[in-house]
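Here are some exercises to work through with the structure open beside you. Try each task yourself before you read its solution.

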Amino acid sequence: MSLYINDSCIGCTFCQNECPVMAISYDGDKYRIDPEICIRCGTCSEVCIMDAVEDSECPRPAPVPHEPEKRECDLCVVGGGAAGLIAAARYAEATGQKVVVLEKNRKAGGGGYFAVGLTPGNTRWEKEAGLPDTVEENVRSAMERTGGKLNENLMRNLYTSLGGVFDWLCTWAPVEECFQLAPNPWGKLGVTTKSERYGSGKFITTHILPYLRKLGVEVLTETEAVELRRSPDGAVSGVLARDPGGLVEIACPRCLLCTGSLIRSERIRVLVPEFAAAKPKRYAHDMPGLTGDGLTIAERAGIALDEDSIVMAFVGCMPVAFQQTAFQTGERGDGIRVNLEGKRWVNEKTDGKAMAEALLYQPQAVSYTVLDSAILESAEPVLPPPPGAPAGPPGGFPYPGGVPDFAVQRGEKMPGTRDAFRALAERLGHQTVLCGDTLEELAEKMGVDPAAFTQTVVRYNALCEAGEDRDFGKPAPFLRPLKEGPFFAIRNYLYLDGVFGGLDVNENMQVLNGGLPVPGLYAAGDITCGRYVNDRLHKTEVINDYSWAVAGGFMAANHMIGKTQ
Ligand SMILES: Cc1cc2nc3c(=O)[nH]c(=O)nc-3n(C[C@H](O)[C@H](O)[C@H](O)COP(=O)(O)OP(=O)(O)OC[C@H]3O[C@@H](n4cnc5c(N)ncnc54)[C@H](O)[C@@H]3O)c2cc1C
Ligand code: SF4
Ligand code: SF4
């Protein structure tokens with residue numbers, strides 16, 4: 001009898017971090033359970049939203065085919081993630097009416113399960129602490145930063161709802177476990193998430209699912225919505241879905257579309273062929289279910305899409321999931337980044353977003369960070385944060401030194417030296433971290449042309465000697481020649497937060513078709529936020545994507561139940 005992790009694993013690290021006996025490790029490609037260490041406590045299975053932990057002796061039962069099933073409800077929520085679960089609970093609690101949530105994954109939660117930062121603002125806690133209401137200030141600032149292009153009423157509802165949704169959470173969830181009133185990293189007092197590693201998304205998902213059961217909301221997992229039905233007057237009349245056994249027809253007067261990021265959608269693969277050609281990599285933002293179904297469903301139902309709002313949120317050029325030491329060493333910019341042709345392609349000190357945008361146009365969007373022993377020997381090892389360390393910026397970059405490296409177990413010192421990296425490369429079979437005594441040997445392992453690669457390094461060393469990067473303009477302090485073997489390479493991939501936007505909504509999250517609301521149809525979350533979160537890492541966003549989703553679900557439900565925000 002042994003547990004194993006199947007191919008649905010997206011490398012989120014949750015199981016590894018929660019396993020009480022550290023039986024789970026990462027081998028550079030997949031997470032694995034060591035049967036000799038595992039005590040079968042079930043925690044990994046419980047925390048895994050992909051349901052990727054299986055028992056080799058208890059295979060999953062085959063689906064039982066059924067005739068088309070007919071159901072009725074007052075609200076059908078398509079997508080059981082951040083926005084959908086909030087909306088379902090809010091609506092069911094206020095009306096007592098029948099709500100059905102369709103979720104195509106084996107478990108509900110969506111990308112929302114992983115999100116760290118809900119940044120509420122103007123909550124009861126803040127009011128009790130005597131902090132001023134900042135709704136109007138936030139609206140003004142958002143409008144200014146975006147050149148007045150946004151719907152001002154939507155912004156006002158949004159900022160008001162952020163406080164409202166938190167106050168509402170306080171009525172049924174033990175919010176003190178996750179949130180605190182404390183200075184944020186910029187020194188401003190407000191409601192913040194306590195832990196950087198286990199953020200508000202996991203907290204809300206974990207508590208809202210039992211609450212939904214209590215409210216009688218049906219969450220149908222492994223049930224994928226495929227069609228929105230509209231009556232002759234254009235109003236919503238139902239949703240057609242499919243579960244592993246067959247079709248499910250739902251008659252309903254209201255529908256909320258919240259199917260999440262478009263990162264895996266065919267639409268993006270067609271619009272951006274370079275993205276389609278990029279080498280896929282396992283990482284949690286790239287959840288297989290995030291295929292932009294909300295847009296497909298809306299389009300097929302005759303609703304015009306807001307294509308111009310679609311944005312790809314590039315984050316960086318990063319190693320496989322959570323190789324924190326490797327990541328930070330590469331980020332320092334000391335070494336060089338080469339593509340699969342063995343050529344340098346970027347100023348290594350360019351910020352992550354610009355680098356990702358440039359990486360998109362490199363062969364297969366794959367790059368290696370190349371370092372020599374002298375650089376590695378001078379690298380600071382990355383340590384896990386001490387217990388109780390303060391959370392990073394809400395909605396900011398998700399893992400600032402916070403996640404243990406896969407190469408070592410929790411609490412141990414991280415590798416940061418030549419010998420540790422060599423051992424790491426050997427352990428990983430020279431797949432994601434590679435080591436070679438000579439440049440030629442490293443090139444062979446990287447699968448790039450040794451002559452081209454050597455020429456690149458010779459050219460770079462000459463630029464270092466001259467003290468000026470005439471090729472890409474990297475600042476002089478980071479020009480360190482690659483001379484001392486063994487040499488190392490860390491494989492990097494294109495990293496996106498998600499792909500957002502596509503549906504136009506008004507201030508009540510009603511879907512607009514040609515500028516007019518479609519009766520009974522709402523949308524929230526990633527498929528609506530392209531214009532609002534498009535530059536998160538540069539901080540010109542008006543709100544982070546998770547807060548947008550949570551507030552949007554709440555706003556949609558509030559409008560359905562006739563409440564002002
Ligand atoms: C790993 C990760 C980390 C993140 N970290 C942060 C962060 O720190 N801060 C932040 O602001 N944001 C973060 N985000 C983004 C944030 O989680 C999303 O913006 C938010 O979850 C969007 O909410 P949503 O309801 O639109 O989509 P989701 O929460 O992704 O939910 C969409 C759900 O719809 C389901 N679905 C899709 N198609 C169908 C269909 N046809 N039928 C039925 N169900 C369907 C999906 O399976 C999914 O469960 C993170 C996302 C990920 C993946
Ligand atoms: S998806 Fe996450 S929790 Fe599930 S097996 Fe993979 S790393 Fe573990
Ligand atoms: S069942 Fe428990 S002990 Fe075994 S791998 Fe999972 S979390 Fe670790």
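**Exercise 1. Find which residue stands opposite Arg229 in β12, then describe the sheet around this pair.**

Step 1. Start at Arg229 and look across to β12: the residue opposite is Gly238. Please keep in mind that this is a predicted model, in which local features need pLDDT of at least 70 and side-chain atom pairs count only at pLDDT 80 or more, while totals for chains, interfaces and linings use all residues. Residues are numbered from 1 along each chain as its sequence is written, and chains are lettered from A and ligands numbered from 1 in the order in which they are written.

Step 2. Look at the two strands as a pair. Strand β12 (residues 236-243) and β11 run antiparallel and are joined by 6 bridges. Strands here are DSSP runs of E with at least two residues, helices are runs of H or I with at least four, and both are numbered from the N terminus. Two strands count as paired if DSSP finds at least two bridges between them.

Step 3. Widen the view. The order β5-β13-β12-β11 makes an open sheet of 4 strands with mixed pairing. At its edges are β5 (69-72) and β11, each pairing on one side only. From one strand to the next, the twist averages 20 degrees; the axes behind such angles are lines fitted to C-alpha atoms (for helices over the stretch in contact), and angles run from 0 to 180 degrees between N-to-C directions.

**Exercise 2. Trace the open sheet of 6 strands and say why one side of β10 and of β20 is left without a neighbour.**

Step 1. Follow the order β10-β7-β6-β14-β21-β20, in which the pairing is mixed.

Step 2. Check the ends. Both β10 (218-220) and β20 (510-513) stand at the edges with a single partner strand each, so one side of each has no neighbour in the sheet. The twist in this sheet averages 30 degrees from one strand to the next.

Step 3. Strand β7 (residues 99-102) pairs with β10 in the parallel sense over 3 bridges, and Glu218 in β10 is the bridge partner of Val100.

**Exercise 3. Decide whether β17 is mostly covered or mostly open, and name its partners.**

Step 1. Count the buried residues of β17 (residues 366-371): they are 5 of 6, so the strand is mostly covered. A residue is buried if 20 or more other C-beta atoms lie within 10 Å of its own, exposed if 12 or fewer, and partly exposed in between, with C-beta atoms placed from the backbone.

Step 2. Find the partners. Strand β16 (residues 336-339) pairs with β17 in the antiparallel sense over 4 bridges, and here Asn339 stands opposite Ser367. Strand β19 (residues 487-500) also runs antiparallel to β17, with 6 bridges; Val366 faces Tyr493 there.

**Exercise 4. Is Thr205 buried or exposed, and what does it touch?**

Step 1. Locate Thr205 in helix α7 (residues 200-214).

Step 2. List its contacts (C-beta atoms, placed from the backbone, within 7 Å). Beyond neighbours within four places in sequence, Thr205 is in contact with Leu85, Gly109, Gly112 and Tyr113. Thr205 and Ala82 are 123 residues apart in sequence, yet 7.7 Å apart in space, C-alpha to C-alpha.

**Exercise 5. Sort the residues around each ligand by class.**

Step 1. Gather the shells, taking residues whose C-beta atom, placed from the backbone, lies within 6 Å of the molecule. Ligand 1 is surrounded by 38 residues, and the closest are Gly79, Gly81, Gly110, Gly260 and Gly525. The elements giving two or more residues to this shell are α3 (82-95), β11 (224-230) and α17 (545-560). Around ligand 2 there are 14 residues, with Cys9, Cys12, Cys15, Cys48 and Ala52 the closest. Ligand 3 has 13, of which Cys19, Cys38, Cys41, Thr43 and Cys44 come nearest.

Step 2. Apply the classes: Ala, Val, Leu, Ile, Met, Phe, Trp, Tyr, Cys and Pro are nonpolar, Asp, Glu, Lys and Arg charged, and the others, Gly among them, polar.

- Ligand 1: 14 nonpolar, 18 polar and 6 charged.
- Ligand 2: 12 nonpolar, 2 polar and no charged residues.
- Ligand 3: 10 nonpolar, 2 polar and 1 charged.

Key:
Contact = placed C-beta atoms within 7 Å.
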